[in-house]
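Visitor: I would like to learn how to read some features of a model. Where do we start?

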Amino acid sequence: MNLLSCTFAWGRKSVLPAALLSGICASAAVAQAPAPEPTQAPIAKADPGVRTTYEAGRPKRERGYYQVFWGVDSISAKAVESGELIKFSYRVIDADKAKTLNDKEIEPAMYVPSLHAKLVIPSLEKVGQLRQASTPEPGRFYWMAFSNPGRVVKKGDRVTVVIGQFHIDGLVVE
């Protein structure tokens, strides 16, 4: 709508006060004014000789939380066996704090919020559950494998792992 297209209708039922129409026409003209071009500051290039402290994966503060309160680090989720299983693994730092993760009585679950799916650990007839449930030892890696029927979880999906009170959100499947 431009200023010239604002016309007054002088019929019996369509008479509007001139002040109202002039306000509408003025606001339409202002709304169509071109916006000024934003100026962009030049982007600084990183010096190749400078090292950064950025590490891929979990943020430093979050890694510290799992180390201090749960006694684990190097937490990961990886699609294995052509995507039929999702392997959740972690390294134990403090055996006392990590006991919850290896407790056979606690049923672990992996949730995929984007798909509204829940994955569980399968129990095979001759093998048992696909998880390590021994007493944790510092420095050792432990794992558990969640069944992924139909390969609904793909590489790059974010999952949530819950083992009793242990809870980790947004873990990216490798």
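Guide: Helices (H or I, at least four residues) and strands (E, at least two) are DSSP runs, numbered from the N terminus. Here helix H2 (residues 60–70) contains Phe69. This is a predicted model: local features need pLDDT of at least 70, side-chain atom pairs count only at pLDDT 80 or more, and totals for chains, interfaces and linings use all residues. Residues are numbered from 1 along each chain as its sequence is written, and side-chain values use heavy atoms, leaving out hydrogens and water.

Visitor: Is Phe69 buried or exposed?

Guide: Buried means under 20% relative accessible area, exposed over 50%, and partly exposed in between (1.4 Å probe, protein chains only). Phe69 counts as exposed because its relative accessibility is 54%.

Visitor: What about the nonpolar core?

Guide: In soluble globular proteins, nonpolar side chains tend to be buried together. A nonpolar core is a set of buried Ala, Val, Leu, Ile, Met, Phe, Trp, Tyr and Cys residues joined through side-chain atoms within 4.5 Å. The largest one has 31 residues, of which Val72, Ile75, Phe88, Tyr90 and Phe166 touch the most other members. Strand E2 (85–92) is among the elements that each supply at least two residues; the largest share, five residues, comes from E2.

Visitor: Which residues does Asn102 contact, leaving aside neighbours within four places in sequence?

Guide: Contact means heavy atoms within 4.5 Å. On that basis, leaving aside those neighbours, Asn102 is in contact with Tyr90, Arg131, Gln132, Ala133, Ser134, Pro136 and Tyr142. Asn102 lies in helix H3 (residues 99–102) and is buried, at 3% relative accessible area.
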